[in-house]
Amino acid sequence: FTSITKGERNFIGGHRSAMQGDDQRAYLREAVGPAVAEGLEKLTHELVRERKRVLEGVDWENGYLPDDWKSVETVKWLGEYLI
């Protein structure tokens, strides 16, 4: 790894970042933070719904979960929600 200069830190995806320092923190706090918080809240509801289905045996076959049953992929779910 090579060290990154101060000027290179603001270089994102081939373009210089228009926001720096406090502007970036304000954007994250005001725009990204609430979206992530809302996504986590909805993810929590999705996980509760899934666990409830498992406890109630809705997806069970002959007393077992089917081999193709998969739990909610939390990181993937949240990423798709945020996109």
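User: What share of the protein's 83 residues counts as buried, and what makes a residue count that way?

Analyst: Of the 83 residues, 11% count as buried, meaning under 20% relative accessible area with a 1.4 Å probe and protein chains only (over 50% is exposed, in between is partly exposed). This is a predicted model, in which local features need pLDDT of at least 70 and side-chain atom pairs count only at pLDDT 80 or more, while totals for chains, interfaces and linings use all residues. Residues are numbered from 1 along each chain as its sequence is written, and side-chain values use heavy atoms, leaving out hydrogens and water.

User: Why is N62 called exposed?

Analyst: Because N62 has a relative accessible area of 79%, and exposed begins over 50%, N62 is exposed. You can find N62 in the loop between α2 and α3.

User: What makes the phi of N62 worth a look?

Analyst: Most residues other than glycine have a negative phi. N62 is not a glycine, yet its phi is positive, at about 55°.

User: How many helices and strands are there, and what counts as one?

Analyst: The protein has three helices and two strands, taken as DSSP runs numbered from the N terminus (helices are H or I with at least four residues, strands are E with at least two). Along the sequence they come in the pattern α-β-β-α-α.

User: Which residues make the contact between α2 and α3?

Analyst: From α2 come A35, V36, E38, G39, L40, K42, L43, E46 and L47, and from α3 come T74, W77, L78, Y81 and L82; contact means heavy atoms within 4.5 Å. By class, the contact holds nine nonpolar, two polar and three charged residues. Here Ala, Val, Leu, Ile, Met, Phe, Trp, Tyr, Cys and Pro are nonpolar, Asp, Glu, Lys and Arg are charged, and the others, Gly among them, are polar.

User: Which residues does L47 touch?

Analyst: Sitting in helix α2, L47 touches V72 and T74, with residues up to four places away in sequence left out. L47 and E73 are 26 residues apart in sequence, and their C-alpha atoms are 9.6 Å apart in space.
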